[in-house]
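Biologist: I would like to learn how to read a model like this one. Could we take it feature by feature?

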Amino acid sequence: MFCDALLPILATTKLGMAYQDFAHSTQMAAKISLLALTLPIGWLNDRIGAVRICALSFGVLTVYPLLLLSAQSVTGIGLASVVLGIGLAGVGMGWMLGPLALAGTPEKAPQYMAIHATLVGVRAVLFQFLGVGLYKLTGSFTVPLIVAACAFLLGSVQMVMLERTLRSARRATTATLPVSPPDPVTPPATGAALPASSLARP
């Protein structure tokens, strides 16, 4: 949200970009990379799960505000937007498939999504104002964009820790599952008479 709020100001104030250049180097670049990576990241999600995908995605997104901060031209903004699209492709997978891993049970998935969507709305309302407020307070893009990078990095670390917690919980559950003993097999009694049918010749 820091980056979304500051991007138009950075592009116009710092780089003096025209509207067309801004649209091509931000919206178009991000959407193309997101579209191109959605299917491969879907395959990767099937193999490593939504939580790890989120950890990787937030790690990639850590680079985004740093690239915005270092951008000196349309090309720099375009590169940052490509990284944004790559990260958002993974975040989208986490958004759609996260409830399967995090809600606990299928019955709780609607409540999980309701809480998630509410907090996303709160984030959007608060942190755009906070990002612009830090820019106005310091007169520089450095502080809010560094804070944004640190927030992405913190999110990535939290997802790694969450994956370890979930893995430990799965192992504990597997270890405590009762093991059913095999059905006993009663051997035939020694010296028992064979049935008459077994003595008949074919």
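This is a predicted model: local features need pLDDT of at least 70, side-chain atom pairs count only at pLDDT 80 or more; totals for chains, interfaces and linings use all residues.

Biologist: Where is Met-17 found, and which residues does Met-17 touch?

Modeller: Met-17 sits in the loop between H1 and H2. Leaving out residues up to four places away in sequence, Met-17 touches Ala-11, Thr-12, Phe-22, Ser-25, Val-74 and Ile-77. Take Val-74 from that list: Met-17 and Val-74 are 57 residues apart in sequence, and 7.4 Å apart in space from C-alpha to C-alpha.

Biologist: What does the secondary structure of the chain come to?

Modeller: It comes to seven helices and zero strands. Read from the N terminus on, the elements run α-α-α-α-α-α-α.

Biologist: How many residues does the chain have, and what share of them count as buried?

Modeller: The chain has 202 residues, and 30% of them count as buried. Contacts can be read for the chain as well. Among those between residues at least 6 apart in sequence, 76% join residues at least 24 apart.

Biologist: Next, the nonpolar core. How many residues does the largest nonpolar core have, and which have the most contacts inside it?

Modeller: The largest nonpolar core has 24 residues, and those with the most contacts inside it are Tyr-64, Leu-68, Ile-77 and Leu-145. Helices H1, H2 (19-48), H3 (50-70), H4 (74-102), H5 and H6 each supply at least two residues of this core. H1 gives the most, with six residues.

Biologist: Which residues does Leu-68 touch?

Modeller: Not counting residues up to four places away in sequence, Leu-68 touches Cys-3, Leu-7, Leu-10, Lys-14, Ile-77, Ala-80 and Leu-145.

Biologist: Cys-3 is a cysteine. How many disulfides does a search of the whole structure find?

Modeller: A search of the whole structure finds zero. Two cysteines can still be read for accessibility. Cys-3 counts as buried at 5% relative accessibility, whereas Cys-150 counts as partly exposed at 48%.

Biologist: What about aromatic rings? How many aromatic pairs does the structure hold?

Modeller: The structure holds two. For each pair, read the distance between the ring centres and the angle between the planes. The rings of Phe-2 and Phe-127 have centres 6.3 Å apart and planes at 40°, so this pair is tilted. Phe-2 lies in helix H1 (residues 2-14) and Phe-127 in helix H5 (residues 109-138), so the pair ties together parts that are 125 residues apart in sequence. Phe-2 is buried at 8% relative accessible area, while Phe-127 is partly exposed at 36%.

Biologist: Is the pair of Tyr-135 and Phe-141 stacked or tilted?

Modeller: Planes under 30 degrees apart count as stacked. The planes of Tyr-135 and Phe-141 are at 20° and the ring centres 4.4 Å apart, so the pair is stacked. Tyr-135 is buried, with a relative accessible area of 13%, and Phe-141 counts as buried at 9%.

Biologist: Are Glu-163 and Asn-45 buried or exposed?

Modeller: Glu-163 counts as buried at 9% relative accessibility. Glu-163 is found in helix H6 (residues 142-176) and touches Val-51, Arg-52 and Arg-170, not counting residues up to four places away in sequence. Asn-45 counts as buried at 7%, and its place is in helix H2.

Biologist: How is empty space found?

Modeller: Rolling a probe the size of a water molecule over the atoms shows where empty space is left. Here, about 1500 Å³ of space lies in the largest pocket.

Biologist: Which residues are the closest to the centre of the largest pocket?

Modeller: Of the 44 residues that line the largest pocket, the closest to its centre are Phe-58, Val-91, Val-120, Arg-123 and Phe-152. H1, H2, H3, H4, H5 and H6 each supply at least two residues of the lining.

How values were computed: Residues are numbered from 1 along each chain as its sequence is written. Side-chain values use heavy atoms; hydrogens and water are left out. Rings of Phe, Tyr and Trp (its six-membered ring) pair if their centres lie within 6.5 Å; planes under 30 degrees apart count as stacked, over 60 as edge-to-face and the rest as tilted. Helices (H or I, at least four residues) and strands (E, at least two) are DSSP runs, numbered from the N terminus. Buried means under 20% relative accessible area, exposed over 50%, partly exposed in between (1.4 Å probe, protein chains only). Contact means heavy atoms within 4.5 Å. A nonpolar core is a set of buried Ala, Val, Leu, Ile, Met, Phe, Trp, Tyr and Cys residues joined through side-chain atoms within 4.5 Å. A disulfide is a pair of cysteine sulfur atoms within 2.5 Å. On a 1 Å grid over the protein atoms alone, a cavity is a set of points where a 1.4 Å probe fits but cannot get out, and a pocket is an open set with protein on both sides within 12 Å along at least five of seven lines; lining residues have an atom within 4 Å of a point. Grid points are joined across faces, edges and corners, and a volume is the space filled by probe spheres set on the points.
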